[in-house]
Amino acid sequence: MTFLQPFMLWGLLLGLLPILIHLFNRLRHRKLPWAAMMFLRMANRKSTKYAKVRQWLVLLFRMLAVLALVFALSRPEAGGFLKGMISGKPDVILIIVDRSASMGASEGEKTRLDRALEVIMDSSKKFGDEVRYVVMEHTDKRPREVKGGVSALPNVIGKGVTDTAADIPTLLEAAAEWFAETKPGIGEIWVASDLQSSNWDPAAEKRWRRLSGKIEGLPQSVRVRLMALDEEMPANVSVRLLEAARQRTADQVELMLKLEFTRGSALPVELDLAVQVEGQNKSATVTMEGATHEHELRFPLQQYAQSGWGRVELLDQEDGNARDNLAYFVYGEPIQAKTAVVGVPERFATRFLNLAAAPDPANTNQVSTVIAHTAVSQETWADYAMVLWQAPLPTGEEADRLTEYAKAGGLVVCFPEDASDNNTFNGLSWGELKRFEQDGKTFDNWQAMVAAEEEQEHLGFRITSYSDDEGPLQRTQEGLYLPVDDLRVNQRKAIQGDGMVQASFEDGVPWLMSKTVGKGQVIFCGTQPTDAWSSVTEGLVLVPMLQRLLVEGEAMLSGRYVQGHLRVAGVDRTRVGERWISEEGGENSAKDINLEAGVYRMGQRVVAVNRPQHEDVLISMDKDQVKELFGDVSLTLFQESTADVESDDDRELWKAFLVIMALALLVEGILILPKGADERVEIQRSATGKVSTEQAT
Amino acid sequence: MNDSAYSEILDGDVLTRLSGQFLHARQPMVGNIVGHHKSPFRGSSVEFAEYRKYVAGDDPRLLDWRVLARTDRYYIREFEADTNLRCYVVIDCSKSMAFGEKGARKFDYARKIAATLSYMLVHQGDAVGLEIFDDGVAMDIPPRRNPLHLRYIFDTLAGAEPRGETGLVAELHQFAERIRQRAMVIIISDCFCDVDELLNCFEHLHFQKHDFALFHLLDPLELDLDLDRPIRFQDMESNDVLLAEPEIIREQYLEAVQEYLVKIHEGCNKHNADYRRVVTDQPYDQIIADFLIEREQLAKGRG
């Protein structure tokens, strides 16, 4: 047996009260001179047995009544054996409503949320208004008391599906805390959810063990009823924005949208899209293959100098969930593609790289700056789309700052120095300088090497393997290969480390290696852009390679803007006092930035809000998995026993103790009841003798 | 009579109300002068008693000549004799008579009855004596008819105070032995003594052919024990102490009292005692009036 108000058990000491009163009464006797002592003595002798037994019984029942009252006030609960004996309605029902995007799935006109609300209403009507109702929605995790009973429930529970994700463990923790704090009596937690795996987080086993222990350890009985809306979901395709960036091509500026499509089936399907860009509706068709499919859409931007927003809508009339058919995006104003070339400004390699990074600064947005190696400590790398490092590898604070830049999405391309360099940067380092030799003869530069070539001969370290389908050496949009094979490499430094090899020499030594660091990349190129090292100075390979990397860096820079303006509904919550207005609905729109996807504006700032990524992952748990999560907590599925209101769970026993108290008082009353008129000893106040005459003899 | 001197024991209004009544004896009395009570002997009153056969030595003047002429037999015609009576008022003066919680003190009540009856008896020409017992004989005043004797009785009553343990049983036996001639005996007591021994006394008195009445005085509290708190009861005679809770023992107490009263009542009936249970919150003049009326009705019925 457990107690909801255990401190009331101190009141058990009051059980001694009848005895204390009895003793106190005996102490406060008064003295009375008495004549008829003979009767008192007789009565005392007679009463010693029965009267004393009765007196002790009266005291016992008085104590029992007090103890029963104290027990009732302590609100005991039946457990164990008593568990199955007593049943009844709970005192309070806390309804947890999952209004996440996946609850918008529908078959017919009703969404899962609509059906969940119907089941809640039907079930709550069975309990009636005698039960307290408290509603907790996943959107605010705040218990709200329902004033007005069952009929008021629809007014308290939000009817609309949101674009947020539910965190069921957190909701249950909040519910358990509420029960622990308020001690409302026997309780039930009703969970209306579609068992979406990402919302339930079954992988967090420790957390679930803690949670089930918390619910199990509550002073009162709390059971969980699960309204699992996990029936077969109709065919559904969702669209998600992965990336939105402004990109420069040869003759225009484009908006690049990288989208991800998800669906249950792997069969190829054609998807019609409506894309709103710069206020204009455009259509697109995507052929989807597999369960998930990434697709890149490009739209030319007319208004180069302005930022903008838009949305992608999936047009599918028979889609299972209309909620996940929308993806919103924003893009920023044009940025300068700045490149920092770190090295000795006077050296050829430095100047060459500077030129390769910004061949035509007057007509493009490309700008390149040479920074002396000794002056890099003052530089803010975040302003650059790319950093070309023609200097000894950075160490210490320099290396840390550059790594932070790379992690934030920056691009660092390192070239080797003539001198030996034993430093390591992000796990990559230079090997020994190696010069090409032929028959013991070396060459001063690649031109000398070419001059020494005979017909069909290719002297120098030859690059035989490189990735031409992706990366900086990939084919052009026209499908042309970069002349990597034709490069003449007179000197090289091996690249050591665990990066991804983009190109390598005949003997397997890497020439170009990239390593992902955070959101950015560090790239090592095994030759220096000087004639003594290789023919990259011709520019046929290195310039396009750097230009491609620069576009990538620019996109990252642009993406950083976008990242700051892309929000996740329910996760990136607004601060107090912020007033965001829907760009689509305008001032009068009731859309809430914290709950619904869309584009919102506050002052000059525009953000796009989308569903959380995991909300599109439609993996559901089965009921057995859910039962495992709850451990020993009493869990009932609505589907199994919606009518099983009178189950065998724990009950409060205070009523039983009140009955015991009443019975004890009743018995006590019977024991002290004066005898009835027919049983009572009635003494006649007046009596006269037989008055008769007696004749004298 | 000086009213102020005896105001505690006599009430002029009561005496006035009772002045028209007469205390009759229930049986013939042996007196020494002519009075209002029947005598066991034949006398010269006008009231015919019986015929008796003539025996030698009888006065021939008492022969009924008419019977002789009719039947030729000799019969003597006898008449009743009227005489006065001697009444002994016996008062229990033990300490228990001082109890009076709800009503008057029992002893005060007893004094009023005794004084009133004494007054009436003397005024109807009978002799009154007073016996006051505590644990022995506290006062013994032989019966006299003289009104001055009445003052002596009143003074004695006014000056008496309850004391000591009751010696009623022993003293009544001695009293029965001492008073050989039949008389009226009025006992006023709470009778808190052994019932069987008390009934032996009554048997003794009955055997001596006394016409005796018992005014059994009880305080209302003694009859209902209407107390609600634990009480340390102190015996008024022996000073013994008994701690008891009236609520617990009331039932048994009342049973014991009931048993005692029934026994004493039946004993009185058996020994032809005129039993009067008196609760001290009752007006004593009413008690006396009832006592007189019953006896008068009895006397008329007998006559």
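These legends accompany close-up views of a predicted two-chain model, chains A and B.

In this predicted model, local features need pLDDT of at least 70 and side-chain atom pairs pLDDT 80 or more, while totals for chains, interfaces and linings use all residues. Residues are numbered from 1 along each chain as its sequence is written, chains are lettered from A and ligands numbered from 1 in the order in which they are written, and side-chain values use heavy atoms, without hydrogens and water.

**View 1. A nonpolar surface patch on chain A.** Phe7(A), Trp10(A), Leu13(A), Leu14(A), Leu16(A), Leu17(A), Leu20(A), Ile21(A) and Leu23(A) make a patch of about 970 Å². Patch residues have over 30% relative accessible area and no salt bridge; nonpolar side chains (Val, Leu, Ile, Met, Phe, Trp, Tyr) are joined within 5 Å, like charges within 9 Å. Areas follow the Shrake-Rupley method with a 1.4 Å probe; for residues, only the protein chains shown count as cover. Leu14(A) sits in the loop between strand E1 (2-3) and helix H1 (17-27) of chain A. Helices (H or I, at least four residues) and strands (E, at least two) are DSSP runs, numbered from the N terminus. Leu14(A) counts as partly exposed because its relative accessibility is 44%. The classes are buried under 20%, exposed over 50% and partly exposed in between (1.4 Å probe, protein chains only).

**View 2. The surroundings of Thr164(A).** Thr164(A) lies in the loop between helix H5 (153-156) and helix H6 (168-182) of chain A. Its relative accessibility is 2%, so Thr164(A) counts as buried. Beyond four places in sequence, the residues it touches include Ser100(A), His138(A), Asn594(A) and Glu615(A). Contact means heavy atoms within 4.5 Å. The side chains of Thr164(A) and Thr162(A) form a polar contact of 2.6 Å. A polar contact pairs N or O atoms within 3.5 Å; within protein, one must be able to donate a hydrogen and the other to accept it, and residues adjacent in sequence count only if both atoms are side-chain atoms.

**View 3. The interface of chain B and chain A.** Contacts link 62 residues of chain B with 43 residues of chain A. Together the chains bury about 5100 Å², 59% of it on carbon and sulfur atoms. Buried area is the accessible area (1.4 Å probe) that two parts lose on being put together, summed over both. The rule finds 2 salt bridges across this interface. A salt bridge needs a side-chain nitrogen of Lys or Arg within 4 Å of a carboxyl oxygen of Asp or Glu. Asp235(B) forms one with Arg41(A), at 3.3 Å between the closest N and O atoms. H8(B) gives the largest share of the side of chain B that touches chain A, 16 residues.
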